Amino acid sequence: MPKPGPLPQTSQTEATGNSKWYRCLSALIGRSPKGPHRGRPSKSSRPLATVRISPRTRSTLDGLSDKDNLAGNTEVGVREILDAAGVRHWCGLAADALGRVRGEIDGLNVFPVPDGDTGTNLHLTVLAAAEALAELPPGADAERTWRALAQGALLGARGNSGVILSQVFLGLADVLGKPGVIADGQVLDEALGYAAALARTAVAHPVEGTILSVLASAAAAPPTGGPTLAGVVRAAAEAARAALSRTPEQLDVLARNGVVDAGGAGLCVVLDALVAVVTEEFPDGYAVPSRAVAPSRAVAPSRAAVPGGYDLADRSVTAGEAGGGGYEVMYLLDASDDEVTVLRRTLDGLGDSLVVVGGDGLWNVHVHVDDVGAAIEAGLAAGRPRRIRVTCLHDAPHAAGRPQAPCAGRGVVAVTDADGLATLFESGGARIVRREPGAVPPVAVLVEAILAAGDEVTVLPNDPGVLAVAEAAAERAGDSGVRIAVLPTEASVQGLAALAVHDELRRFDDDVIAMMRAAGATRSGHVEIAEQEAVTSAGICQPDDVLGLIEGDVCVIGADVTETALHILGRMLAGGGELVTLIMGRTAPPGLTGAVEGRLRAERPGVELVFYEGGQERRPVLIGVE
């Protein structure tokens with residue numbers, strides 16, 4: 001029988017198939033000695049973001065600039081319908097235009113939080129849509145093109161305004177992407193009205209003087225010279241610009257700062273790009289209003305009507321009613337419509353700036369909260385959250401002023417939900433943060449643990465849902481001067497592999513790199529019991545089915561824990577491996593370790609096996625292959 005031993009030693013196998021580890025490794029190279037090491041510098045000190053564009057999308061954008069002579073004001077002809085080629089052209093041109101002016105739009109950003117990233121977020125959102133379109137075959141029809149545009153924006157939406165813009169694209173796709181629809185001026189006019197209504201209903205508490213007001217005015221504008229495509233888009237763009245200039249009169253915080261709404265300014269650029277594509281009249285540049293020398297006086301809010309029979313009920317609030325949570329939480333969510341209805345109510349009670357967009361089982365959730373854990377747990381209760389992002393906003397609350405590191409030294413903080421796992425991490429020298437199974441720890445608790453661990457700290461989240469919370473805690477604790485590296489460990493076996501090579505005598509950066517390599521070289525799997533019927537990547541599971549997962553994806557549905565564990569272990573070893581680690585849960589069958597030992601002796605005698613008692617409740621066994 002295999003015997004419990006010291007913490008597993010990492011093999012010499014390098015992480016060759018997981019790009020997230022290489023992104024984290026490269027982020028450490030050349031980093032300033034102060035501030036958190038998490039793949040990006042702290043918001044307070046980082047310059048305008050460098051946006052990565054795929055070669056295919058880059059060539060598309062470059063081709064647009066060359067072909068259409070953006071600086072030449074050429075006029076070739078006017079489109080009468082917005083076909084698939086026109087949609088591609090519009091999205092590419094809008095992404096390029098936002099990339100040129102995102103810094104200016106960032107400078108306008110004062111509402112709902114003055115975090116200076118609205119232009120960047122809009123650019124990233126449209127760029128994600130352009131990436132999705134670039135993946136389509138050249139002959140894709142309008143229906144498929146509109147769906148790709150909407151889906152790409154939904155998956156890549158960033159920030160409050162980016163999420164709202166993704167809903168605009170979804171509204172346009174719902175109308176213009178129907179089979180057999182000819183996207184002429186009259187249909188586009190209807191689609192704009194529908195998109196404006198859809199975007200407004202996605203916002204829990206709409207505020208006038210924002211992108212919603214600009215969008216409503218654009219949708220309500222009567223076509224210039226009749227309902228031609230050019231007439232509709234010209235009128236929409238002109239009305240949007242006029243509405244943008246009125247936003248300081250509707251929102252007091254804009255007037256006090258002498259700016260127009262940043263999200264509305266970005267929408268105007270997107271509409272101007274649409275005018276350019278339809279009319280073939282390309283401007284020298286895209287205007288973004290600068291700060292006013294003498295800010296205007298705010299007046300009472302007003303609303304624009306939306307055409308097409310779509311009701312925009314009186315759902316508005318004054319700016320004073322829109323509070324300010326300390327953290328921005330965003331995630332994609334796989335959930336039913338009914339569960340999302342409950343989620344909206346829950347999140348609305350936790351914070352503000354709530355926007356939930358999407359449909360057909362896939363949603364993008366955005367909210368500002370003080371309790372990050374509660375917002376993520378609400379998503380876990382509703383369905384399957386993924387791509388969780390937590391951003392610490394400027395006004396994040398501190399319990400007693402700005403935190404200060406109470407001690408010097410090198411430390412490791414590990415998050416876990418089980419007694420046995422806590423003992424394993426503690427034996428390796430880590431400071432433990434406990435969480436309940438299926439929950440995430442509060443940011444404040446993680447901050448306290450980081451500051452107590454020393455002035456050079458590595459954090460092991462050991463769960464996908466905890467990763468974003470750990471990054472938010474690192475950003476907040478990093479303000480005190482602590483150097484922090486959050487390793488993207490999504491399983492306890494990866495955290496243990498990282499901790500096994502931790503060496504306080506190495507330089508901090510070298511130690512973090514070694515830990516990252518060890519974690520990245522560890523493939524993770526586990527067995528769990530289904531609690532309800534669900535659709536998985538391996539088929540439909542029923543309550544009490546045994547699920548075998550590798551890297552978080554269900555790869556087999558079985559009836560026996562031991563057989564399921566042997567199945568996923570075989571698949572994990574198909575790519576090679578030198579060391580197998582089993583972490584036994586409370587419900588692990590007694591003969592499991594013996595069965596694994598027998599299988600390895602018969603089929604892979606050169607592979608070493610170690611096992612530990614983890615004590616986890618929901619997962620009978622965790623498996624690591626290094």
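The model holds four cavities of 30 Å³ or more. Here a cavity is a set of points on a 1 Å grid over the protein atoms alone where a 1.4 Å probe fits but cannot get out, and lining residues have an atom within 4 Å of a point. This is a predicted model, in which local features need pLDDT of at least 70, side-chain atom pairs count only at pLDDT 80 or more, and totals for chains, interfaces and linings use all residues. Residues are numbered from 1 along each chain as its sequence is written, and side-chain values use heavy atoms, leaving out hydrogens and water.

Of its 14 lining residues, Pro-112, Asp-115, Asp-117, Thr-118 and Asn-160 lie nearest the centre. Helix α6 gives the most to this lining, with four residues.

The second largest cavity has a volume of about 70 Å³. Its lining includes Trp-90, Phe-169 and Leu-172.

Trp-90 also takes part in ring pairing. Rings of Phe, Tyr and Trp (its six-membered ring) pair if their centres lie within 6.5 Å; planes under 30 degrees apart count as stacked, over 60 as edge-to-face and the rest as tilted. Trp-90 and Trp-146 have ring centres 6.5 Å apart and planes at 65°, so they are edge-to-face. Trp-90 and Phe-169, with centres 5.7 Å apart and planes at 85°, are therefore edge-to-face. Together, ring pairs link Trp-90, Trp-146 and Phe-169 into a cluster.

Notes. 1 Å grid on protein atoms, 1.4 Å probe; cavity = no way out; pocket = protein on both sides within 12 Å on 5 of 7 lines; lining within 4 Å. Points joined across faces, edges and corners; volume = space filled by probe spheres on them. Helix = DSSP H or I, 4+ residues; strand = E, 2+ residues; numbered from the N terminus.
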